[in-house]
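This report looks at confidence, domains, chain contacts and nonpolar cores in turn. Please keep the sequence and the structure in view while reading.

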Amino acid sequence: MSSLGLYRPGTSLAHRLPAGLKLLVLLAAGVGSVFVDRPWQVAAALVVVGLGYVVAGLSLGVLLRQARPLAWVLLLVGAFHVVVNGWERAVVVTGVILVLVLLAGLVTLTSRTSDLVDALVRVLGPLRRFGVDPARIGLLLALGIRSVFVVAQFAQEVRDAQRARGLTASPRAYAVPLIIRSLRHADELGEALVARGADD
Amino acid sequence: MIEVSGVTHVYGEGTQARTVLQDVDVQLPERRVAVVGANGSGKSTFARLVNGLVLPTRGTVTVDGLDTRKDGRAVRRTVGFCFTNPDAQIVMPTVREDIAFGLRRRRDLSKAEVAARVDEVLRRFELADHADHPAHLLSGGQKQLLALASVLVTEPSVLVLDEPTTLLDLRNTHRVAGFVQSLDQQVVLVTHDLDLVDSFDRVLVFDEGRLVHDGRPSEAVAHYRALMR
């Protein structure tokens with residue numbers, strides 16, 4: 001079962017910081033990452049993010065679980081840059097991705113989804129005059145986070161069913177039921193959202 | 001009171017059209033109403049008509065005078081709906097957040113009042129120890145209790161439950177049934193579990209889209225059993 005970036009209750013400084021401020025730091029890090037071009041800068045950023053996990057009272061295992069799903073992406077991106085741009089660029093690009101993912105993980109691990117949604121709704125408030133519904137965008141964010149776990153659970157169940165039927169080598173036997181279950185879940189979720197007053 | 005007048009419901013169009021409910025007329029003032037029937041008999045469509053999730057092709061459905069066609073949002077605020085599969089109904093990542101979801105647009109409640117009401121519901125449904133836990137990691141029984149809690153926190157005057165115990169073991173079935181019994185709300189329960197309807201005031205039996213029996217639990221269950229032979 002995935003434990004990627006899900007809120008861990010706590011009273012640390014990282015937990016007590018306002019969710020809006022943490023989102024702002026994440027945004028600033030994303031923008032600032034454009035200017036990173038030396039491996040030592042990446043190493044320094046990794047140390048800072050690592051310290052963030054320590055301050056939040058989160059273990060090394062939790063930190064590694066945030067990075068694990070990215071392993072293949074980092075490997076492929078790194079290999080591409082080693083061949084095309086050299087090892088230094090490969091370290092910078094993969095390091096920046098890793099830092100941002102770990103930082104995003106730290107934000108969601110130390111902030112309730114509802115607090116993140118509230119912060120986003122506040123920030124998007126001025127867009128109401130242009131017909132944007134900030135609450136709806138906030139709901140999309142919350143549903144997106146929730147759906148990660150739902151689809152991960154479906155993937156596990158489909159994989160188990162595949163193994164039981166001896167279809168381990170068939171990508172189609174994996175993808176088709178996973179997509180069908182996900183779409184059916186989306187239908188049911190839509191109905192539940194209406195029933196729970198999401199269209200109010 | 002729930003009033004269903006001359007309701008027919010058809011899914012699809014043209015050659016794909018399928019009538020799932022036909023000429024249903026019923027008034028339900030009782031506090032405990034159960035709906036039984038075989039798979040595909042139209043009972044889940046009937047449940048969805050009551051809270052306006054499905055609008056009738058012909059006829060009208062009203063709840064406390066509110067027409068599901070004209071006053072859909074007001075009806076859904078009056079009628080809470082609990083689905084068979086709680087996973088489809090849980091929309092927020094943690095237990096506390098999911099219960100608070102239904103109150104997020106209640107401008108008459110302060111943040112503290114929302115938190116107090118959520119805490120009260122968490123205690124009542126024995127979920128307080130799991131308040132900040134991921135909802136997807138709860139057991140099946142706990143998820144169904146969370147689904148119930150998330151609906152009841154909005155204090156609807158009617159609760160529709162569509163086969164809420166189908167995915168539960170016997171212990172959790174008894175737990176959910178116990179909570180349902182203790183509710184002040186009017187309850188419309190769609191179920192295959194005939195033991196659950198014993199204590200109900202009235203039982204409707206559906207078969208092939210028609211309301212074929214309407215009466216006390218003992219007679220209705222006997223009628224349904226005979227129908228299924």
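In which helix of chain A is confidence lowest, and in which is it highest? The model is predicted, and the mean pLDDT of chain A is 88, with 96% of its residues reaching 70 or more. The two helices asked about are set out below.

| Confidence in chain A | Helix | Residues | Mean pLDDT |
|---|---|---|---|
| Lowest | helix 8 of chain A | 134–164 | 85 |
| Highest | helix 3 of chain A | 39–55 | 95 |

Chain A is divided into domain 1, covering 13–111, and domain 2, covering 129–195, and the C-alpha centres of these two domains of chain A lie 27 Å apart.

Between the chains, 26 residues of chain A are in contact with 24 residues of chain B. On the side of chain A that touches chain B, helix 7 (113–124), helix 8 and helix 9 (171–195) of chain A each supply at least two residues, and the largest share, eight residues, comes from helix 9 of chain A. By type, the residues on this side of chain A divide into 14 nonpolar, five polar and seven charged.

The largest nonpolar core has 76 residues, and those touching the most other members include V35(B), V50(B), V160(B) and V188(B). Helix 6 of chain B (residues 140–152) contributes the largest share of this core, seven residues. Leaving aside residues up to four places away in sequence, V188(B) touches V33(B), V35(B), A47(B), V50(B), V158(B) and V160(B). Apart from this core lies another, of 20 residues, among them Y53(A), V93(A), V99(A) and L102(A). In soluble globular proteins, nonpolar side chains tend to be buried together.

Notes
Residues numbered from 1 in each chain as written. Chains lettered and ligands numbered in written order. Predicted model: local features only at pLDDT ≥ 70, side-chain atom pairs only at ≥ 80, totals over all residues. Core = buried A, V, L, I, M, F, W, Y, C linked by C-beta atoms within 7 Å. Buried ≥ 20, exposed ≤ 12 C-beta atoms within 10 Å, placed from the backbone. Helix = DSSP H or I, 4+ residues; strand = E, 2+ residues; numbered from the N terminus. Contact = placed C-beta atoms within 7 Å. Domains from an automatic or database assignment. pLDDT = per-residue confidence, 0-100. Nonpolar A, V, L, I, M, F, W, Y, C, P; charged D, E, K, R; others polar.
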